[in-house]
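This report covers a surface patch and the aromatic contacts of one protein model. The sequence and structure come first.

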Amino acid sequence: MRFGVFEADLETRELRKQGRRIRLQDQPFALLAFLLERPGVIVSREELRDKLWPADTFVDFDHSLNTAVNKIREVLGDSATSPRFIETVARRGYRFIAAVHMSGNADAVPQQLARVVPESQTDLPRPHRGVTRILFGLLQVMYLIFYVEALLHWHALDRIEIFNVGAPLVTSIVIVSTGVGIPLRFYLLSAVGFDHAQLGMKFHKIFLGILVFDLFWGIAPFLIVERIGFGPAFGATAALLYVPFAERTLVRMAYPNAG
């Protein structure tokens with residue numbers, strides 16, 4: 001059974017990553033195999049206990065189960081807060097959320113495979129989550145610098161006239177938008193900094209507003225067009241118009257299981 005760059009051989013009880021065997025103890029492997037056979041389905045802790053720990057076995061079940069799950073996540077490079085493979089469903093159990101593919105006879109594929117996470121969520125590359133989070137955070141810092149610079153030099157806005165619109169209106173729009181943008185950027189910066197597990201879902205919900213907001217601030221280089229010239233201002237604006245889509249991509253890479 002293949003998932004991501006991993007392959008689990010249920011007959012030989014071996015786990016491989018890109019063809020290289022990874023050591024995983026019997027109990028965690030049995031747990032992983034049981035979840036792989038039921039992808040997309042919440043498996044209760046009681047089911048796992050009945051399947052993996054016989055009734056006459058005297059063991060601290062909760063501790064043993066948590067230890068097995070942690071060992072699986074360790075070898076898969078998974079995270080409990082932002083899972084790519086094994087999701088913890090509070091007070092219910094666990095669910096394998098990545099796409100699973102069967103090698104060999106297609107008739108052997110369980111029906112539950114129809115309920116796995118859509119392939120579109122696995123199309124993005126999987127760099128280290130720390131890298132994507134840092135890049136996302138740096139974009140928020142960039143916007144904060146834009147806002148602070150605009151407020152520090154707000155008097156220079158008096159000389160700006162866009163589409164024959166007078167300076168007072170431009171100044172008001174810039175000041176109001178910075179008043180909204182600063183708390184927004186601090187929220188996103190703190191959320192990614194503390195690795196808020198629901199950031200992906202929340203960003204997905206407010207993306208349209210962020211898109212409109214960021215597209216407006218994409219023309220920020222034209223505020224200093226007199227100093228840098230039209231060509232550099234146009235080029236910088238063209239690059240900034242892509243930034244909100246880059247933010248969305250980074251969030252999807254760091255939090256792939258968002259709504």
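Which residues make the nonpolar surface patch of about 370 Å²?

## Basis

The model is predicted: local features need pLDDT of at least 70, side-chain atom pairs count only at pLDDT 80 or more, and totals for chains, interfaces and linings use all residues. Residues are numbered from 1 along each chain as its sequence is written, and side-chain values use heavy atoms, without hydrogens and water.

## Surface patch

Val-131, Ile-134, Leu-135 and Leu-138 make the patch. A salt bridge is a side-chain nitrogen of Lys or Arg within 4 Å of a carboxyl oxygen of Asp or Glu. Areas come from the Shrake-Rupley method with a 1.4 Å probe, and for residues only the protein chains shown count as cover.

Leu-138 belongs to helix H4 (residues 129–152); helices (H or I, at least four residues) and strands (E, at least two) are DSSP runs numbered from the N terminus. With a relative accessible area of 51%, Leu-138 is exposed (exposed is over 50%, buried under 20%, partly exposed in between; 1.4 Å probe, protein chains only).

## Aromatic pairs

There are twelve aromatic pairs, where rings of Phe, Tyr and Trp (its six-membered ring) have centres within 6.5 Å; planes under 30 degrees apart are stacked, over 60 edge-to-face and the rest tilted. The Phe-3 and Phe-85 rings are edge-to-face, because their centres are 5.5 Å apart and their planes at 75°. Both residues, Phe-3 and Phe-85, are buried.

Key:
Patches are made of residues with over 30% relative accessible area and no salt bridge: like charges are joined within 9 Å, nonpolar side chains (Val, Leu, Ile, Met, Phe, Trp, Tyr) within 5 Å.
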